[in-house]
Amino acid sequence: MAEESDLERTEPASPKRLEQAREEGDVPRSRELSTCTILLAAGASLWGMGDGLIRQLNHALIAGLSMDRTQAYDHAVLFAHIGATLMDVLVAFAPVAGLLMLVALASPLLIGGWLFSGKALQPNFGRLNPLSGLGNMISARAGVELLKAVGKTILVGVVAWIAIMGQKNAIFGLAVEPLHEGPAHVGHMLGVCFLSIVGALVLIAAIDAPYQMWHYANKLKMTHQEVVQESKEANGNPQIKAKIRAQQREMARRRMMSEVPTADVVVTNPTHFAVALKYSDGAMRAPKVVAKGADEVAAKIRELAAANNVPLLEAPPLARALYKHTDLGDEIPEKLYAAVAEVLAYVFQLKTFRQRGGNRPMQPNDLQVPAELDPNSPVAIAAAAAAKNKAAGADNGVVA
């Protein structure tokens, strides 16, 4: 089952998976790259500061081996002399040590970056399992590490042999060099040999760093099911979200229906659309849409309006325009002010008729609705067709 699971891990690690691994202290690391950079820095420092370092150590050695009568009989003076000599040695090595410390701190930035994780310090008794240890010893990664160690040993040994043999004559010549020139020459030769040997590690580091990055990415790969599960955890279960949206729509519809009894008029299609309008003089700048719907919802709006004595006005073009170009709570478009004003005038006249009697007002029949606002008008149909053709042409251009 574990092998099948590994075979199914075909998806790259998600940002969340990478962040979790980083929090656990798991980041790509190349020990060969870090070792190579530190040794190169050490070799460069020996090359640049070797002469001065040898001279300072030579002076410290001479001072340390020198002893006068006062130091022999006064231990306080002797300890002070030893302390001063040790301080000279520390000062001599301080530039090299400082450079190596900076390189050691900066080398993690080359791969993986700096990481401070408390989880990596927590005890993990699973690592003490001998079966797991045996499995790691015979794993593919262990084989790669073994081949890398053997290759590094062979490569470094060959380069070291070539570097030392190249300095053979200079080494034998040290026996006849003056004492004041010999130490500097030794430092120079050590620097050359050291840099030559460490330079061989550059090849190993150049191979190991990309391999560690690949191994890390491959280790954190995910199955398709894990990707789906993570997406559900991050964005929510689609089925649950669909139920929530359905409940939200139902609640919004109930709130909308509760506004129908307070409306001044309901404009209908007469059967397909219904839009409820409300206007309060002085409180609103323009009439607002408090409810709208199509088909079954429109039928429910008409039913509630009839039950609460809200006037129903059959005006198909106006109903279509209001349904198309307004949302709940919106003011009506400015181009529909004149048509809606006629409707409201009729409604207020009808209310007066119902309260006081008299002549029943005439229902407006020919409301002027701009053709571009009526979805069924030839102008609107032609404009929609032109926009559709333009979009189709743009898509074809992109595909081409």
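Which residues of helix α13 (residues 316-325) are buried? In this predicted model, local features need pLDDT of at least 70 and side-chain atom pairs count only at pLDDT 80 or more, while totals for chains, interfaces and linings use all residues. Residues are numbered from 1 along each chain as its sequence is written, and side-chain values use heavy atoms, with hydrogens and water left out.

The buried set of α13 consists of L318, A319, R320, A321 and L322, where buried means under 20% relative accessible area (1.4 Å probe, protein chains only). Helices (H or I, at least four residues) and strands (E, at least two) are DSSP runs, numbered from the N terminus. The cover over these α13 residues includes β1 (265-268), β2 (273-278) and α14 (337-356), with contact taken as heavy atoms within 4.5 Å.

Turning to the sheet, four strands form an open arrangement in the order β3-β2-β1-β4, with mixed pairing; two strands pair if DSSP finds at least two bridges between them. Because β3 (288-294) and β4 (312-314) stand at the edges with a single partner strand each, one side of each is left without a neighbour in the sheet.

Strand β1 runs parallel to β4, joined by three bridges, with V266 opposite L312 and V267 opposite L313. Toward β2, the pairing of β1 is antiparallel over four bridges; here T268 faces A274, and a hairpin of four residues links the two strands. From β1, V265 and V267 point one way and V266 and T268 the other way, and all are buried.

Conventions: Buried < 20%, exposed > 50% of the residue type's maximum accessible area, 1.4 Å probe, protein only.
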